[in-house]
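Subject: Structure handover

Hello,

The structure is pasted below for your files. My notes on it follow.

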Amino acid sequence: MPEPDLADLQAFAAVAAARSFRGAAYRRGLSASALSEAVRRLEARLGLRLLNRTTRSVTPTEAGQRLLDRLAPALREVTEALDAVNSLRDSPTGTLRLNVPGIVARVVLPPIIGPFLRRHPGIAVEIQAEDSFIDVLAEGFDAGVRYDERLERDMIAVPIGPRMQRFVAAAAPAYLAARGVPDHPNDLLAHDCIRHRFHGGAMPVWEFEREGEIVKISPRGRLISNAPDLQIAAAEQGLGIIASFEEFLAPSLAAGALVPILEPWSQRFPGPFLYFPSRRHMPAPLRAFVDFLRGGEAAGAPPPCTPAGAWRHAPDPTFTLEP
C-alpha cells in the first residue's frame with residue numbers, strides 16, 4: 001500500500017474535527033471540493049471508509065475515529081513546530097481568519113486592520129461578519145470577536161476596541177413632534193419602534209438602565225429587519241424609534257436627522273473581546289495579532305499596563321448577541 005500524503009491526512013483530520021467540509025475549507029484555505037477529493041484519495045489508499053457523509057453532517061466512521069485519535073496529536077505537533085519556526089521570522093506569514101459581529105467589522109476593526117497589515121506584510125486577514133453565535137473553531141476560524149459572552153473554560157479573551165459602549169434610542173424630529181417624546185422606557189410600548197431580528201430568528205429585547213433600575217421591553221413596530229442601514233434610514237424618515245449601538249447612529253445624530261431620547265436610561269456595556277482556545281502554541285498570524293493588540297498599537301486599544309490590557313480567562317457574563 002502506498003504511503004498516504006501528509007496533505008491528505010491533514011485534510012481528513014480537518015474535516016473530521018470540524019464535522020464539516022465547509023468549515024474545514026475555511027481553515028485550510030482550500031475549496032470544499034478539494035478537501036473532498038483528498039479524503040476520497042486517502043480512503044482509496046487505506047481501503048477503508050473514514051467519513052460518513054450526509055447532506056446534514058459529516059461524522060467519522062469507527063475506523064476514521066481511531067485514525068483521528070492517533071493522528072490529531074501528531075499533526076498538532078507538526079503544526080506547532082512549524083508555527084514555532086514561523087514566529088521567529090521578522091514578519092510571520094499565513095492567514096488570520098476572524099469571525100466578528102457586524103458592529104465590530106464596521107466600527108472596531110477598520111482602524112486596527114490597516115496598521116496591523118502594514119506591520120506584518122506576510123500575513124493575510126480574512127474576516128466574516130455575522131451576528132449569529134456560531135462555533136468559530138468548527139467553522140474554520142482562528143478566533144472570534146464577541147460581546148460579554150459565556151465562553152468555555154478553555155477560551156482566552158483579550159480586549160479589542162473601546163472598553164465601554166452604549167445603546168442609544170433615537171427618532172426623527174418630525175416623529176417626536178407628531179407622537180411626543182417618551183419620558184420612561186415603558187412609554188415606548190405606545191410608540192412605533194423599529195426592531196432588529198437576527199438571522200436565527202431571535203429579536204432582542206430593548207434594555208434600559210438608570211441608577212441601578214433595569215427595564216426590559218419588547219416594543220411593537222411595523223418594520224423589522226436585520227439590516228442596520230435600512231433601520232437607520234427608516235428612523236430618519238420618521239417611521240419609528242430606533243435603538244442601536246451609539247456608533248451606528250452617530251452620523252445621523254450629528255446631522256440632526258435623529259434626536260436621542262431617554263438619554264438617562266442609555267445602557268452602557270463592556271466593549272468586545274477577541275477570543276480563542278487556550279493552548280500552548282497559537283498560529284503565528286494569531287499570535288502576531290494578539291501581540292499587536294496587547295502592545296497598544298491598535299486604535300482604541302487599552303494601555304498594556306492596565307488590567308484591561310492583560311490576558312485573562314473570559315468572564316461569565318450574560319451573552320448580548322444572538323443566542
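A word on exposure before the notes: a residue is called buried under 20% relative accessible area, exposed over 50%, and partly exposed in between, with a 1.4 Å probe and protein chains only. This is a predicted model, in which local features need pLDDT of at least 70 and side-chain atom pairs count only at pLDDT 80 or more, while totals for chains, interfaces and linings use all residues. Residues are numbered from 1 along each chain as its sequence is written, and side-chain values use heavy atoms, without hydrogens or water.

Overall

The protein chain has ten helices and 16 strands; helices (H or I, at least four residues) and strands (E, at least two) are DSSP runs, numbered from the N terminus. Of its 323 residues, 43% count as buried. With contact taken as heavy atoms within 4.5 Å, residues 24 or more positions apart make up 75% of the contacts in the protein chain that have a separation of 6 or more.

The expected span of a helix is 1.5 Å times one less than its number of residues. For the 13 residues of α1 (residues 6–18) that gives 18 Å, and the end C-alpha atoms are 18 Å apart, which agrees. Helix α1 is mostly covered, with ten of its 13 residues buried; among them are Asp8, Gln10, Phe12 and Val15. Arg19 follows α1 and has a positive phi, near 55°.

Helix α3 (residues 32–46) has 15 residues and should span 21 Å; its end C-alpha atoms are 21 Å apart, in agreement. Its buried residues are Leu35, Ser36, Ala38, Val39, Leu42 and Glu43. Seen down the axis of α3, these fall within an arc of 160°, so they line one face of the helix; the arc is that of the directions from the helix axis to the C-beta atoms. Ser33 and Ala44, on the other side of α3, are exposed. Just after α3, Gly47 takes a positive phi of about 70°.

Packing of α8 and α9

Helix α8 (residues 228–236) packs with helix α9 (residues 246–255) at an angle of about 35°, their axes being 11 Å apart. Axes are lines fitted to C-alpha atoms, for helices over the stretch in contact, and angles run from 0 to 180 degrees between N-to-C directions. Pro228, Ile232 and Glu236 of α8 and Phe248, Leu249 and Ser252 of α9 make the contact. By class, the contact has four nonpolar, one polar and one charged residues, where Ala, Val, Leu, Ile, Met, Phe, Trp, Tyr, Cys and Pro count as nonpolar, Asp, Glu, Lys and Arg as charged, and the others, Gly among them, as polar.

Loop residues

Arg197 is found in the loop between β8 (194–196) and β9 (206–210) and is partly exposed, at 35% relative accessible area. Leaving aside neighbours within four places in sequence, Arg197 is in contact with Ala202, Met203, Ile224, Ser225 and Asn226. The C-alpha atoms of Arg197 and Asn226 are separated by 5.2 Å, although the two residues are 29 residues apart along the chain.

Glu211 lies in the loop between β9 and β10 (213–217). Its phi is near 50°, a positive value in a residue other than glycine. Glu211 is exposed, with a relative accessible area of 81%.

Leu262, in the loop between β13 (259–261) and β14 (268–270), also has a positive phi near 50°. Leu262 is buried, with a relative accessible area of 6%.

Regards
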